[in-house]
Amino acid sequence: MGLTQKEMAEKLGISFATVNRLESGRFKPSADTIQRFRSLDSFANSSGKSANVLDDLSSIVEESRNAAIRAVNITLLQRNYLLGKRISEEILKEERADYGEEIISNLSKFLTEKYGRGFERSSLYYYLQFYREYPNIFDSVSGKSFLSWTHYRALLGVDDELARSYYEKEAITSGWSVRQLQRAIYSQSYERIARMPWRSSCSLCF
């Protein structure tokens, strides 16, 4: 049995009235909202049932929690990417060498006064670098695995593109925590492996 309209509204983070209009065909939602709506309803209808109701309820809660975490993470990454993209576009309008620093300082002051923490000058520089180093990261989102923003901040400290790509793939494949990723970077595991004579036949070559 599917979720009630009230439950769907709570899970999707939209109003009860919106869900009602969506189901009745009196509302034209965005493609993202439609996908979230269908995914949630599909999950509610297809969740496997076991003989233990406690196991089933725990599974539903954990799956929903993990889905919410993934959605929030992707939204945060997209926000930071778009902020970096817009800042980059603004900087390119001017040819002055000092304009980038000037505009980032002004934008940081404006955003911090309006929204609070998370928009310090150093953060805006990270957003700008994130966009420039990963310009195509959101070309295809479906089925793609993303690291957390803290992971990407650690990766942005790696100057070598091949090394950064290696650490990113290993972090995704092996499920590294931020601390494990930082440890691998600090120990220069890619650089040590790249110097080995048999590296041409290993999976680290791109």
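Reader: What relative accessibility does E133 have, and in which class does it fall?
Author: This is a predicted model, in which local features need pLDDT of at least 70, side-chain atom pairs count only at pLDDT 80 or more, and totals for chains, interfaces and linings use all residues. Residues are numbered from 1 along each chain as its sequence is written, and side-chain values use heavy atoms, with hydrogens and water left out. Buried means under 20% relative accessible area, exposed over 50%, and partly exposed in between (1.4 Å probe, protein chains only). E133 has 34%, so the class is partly exposed.

Reader: Which residue meets the side chain of E133 in a salt bridge?
Author: A salt bridge needs a side-chain nitrogen of Lys or Arg within 4 Å of a carboxyl oxygen of Asp or Glu. The pair here has an N to O distance of 3.2 Å. It links helix α6 to helix α8, 31 residues apart.

Reader: How many helices and how many strands does the protein have?
Author: Both are DSSP runs numbered from the N terminus: helices (H or I) of at least four residues, strands (E) of at least two. Read along the sequence, the pattern is α-α-α-α-α-α-α-α-α-α. The count is ten helices and zero strands.

Reader: What share of the residues counts as buried?
Author: The protein has 206 residues. It exposes about 13900 Å² (Shrake-Rupley method, 1.4 Å probe; for residues, only the protein chains shown count as cover). Carbon and sulfur atoms supply 52% of that area. The buried share of residues is 30%.

Reader: How many salt bridges are there in the whole structure, and what N to O distance separates K85 and E89?
Author: The search of the whole structure finds four. K85 and E89 sit four residues apart in helix α4, separated by about one helical turn. K85 is partly exposed at 29%, and E89 is partly exposed at 34%. Their closest N and O atoms are apart by 2.8 Å.

Reader: Which residue forms a salt bridge with E101?
Author: The closest N and O atoms are 3.8 Å apart. E101 lies in helix α5 and its partner in helix α6, so the pair ties together parts 20 residues apart in sequence.

Reader: Which residues does I103 contact, leaving aside neighbours within four places in sequence?
Author: I103 lies in helix α5 (residues 99-115). It counts as buried, at 9% relative accessibility. Contact means heavy atoms within 4.5 Å. The residues are E90 and I91.

Reader: Which residues does E90 touch, not counting those up to four places away?
Author: E90 is placed in helix α4. At 19% relative accessibility, E90 counts as buried. Its contacts are Y99 and I103.

Reader: How many aromatic pairs are there, and what is the angle between the planes of Y81 and F138?
Author: Rings of Phe, Tyr and Trp (its six-membered ring) pair if their centres lie within 6.5 Å; planes under 30 degrees apart are stacked, over 60 edge-to-face, the rest tilted. By this rule there are 13 pairs. Y81 and F138 are edge-to-face, 5.3 Å centre to centre, and the angle is 85°.

Reader: Why does the Y81 and F138 pair tie together parts of the chain, and how many residues apart are they?
Author: Y81 lies in helix α4 (residues 53-92), but F138 lies in the loop between α6 (121-133) and α7. Y81 is buried at 11%, and F138 is buried at 17%. The pair therefore ties together parts whose separation in sequence, in residues, is 57.

Reader: Which residues of α9 are buried?
Author: Helix α9 spans residues 178-186. On the other side of this helix, R179 and Y186 are exposed. The buried residues pack against α7 (149-155), α8 (161-174) and α10 (189-194). They are L181, A184 and I185.

Reader: Within what arc do the buried residues of α9 fall?
Author: The arc is that of the directions from the helix axis to the C-beta atoms. Seen down the axis, the buried residues line one face of α9 because they fall within an arc of 100°.
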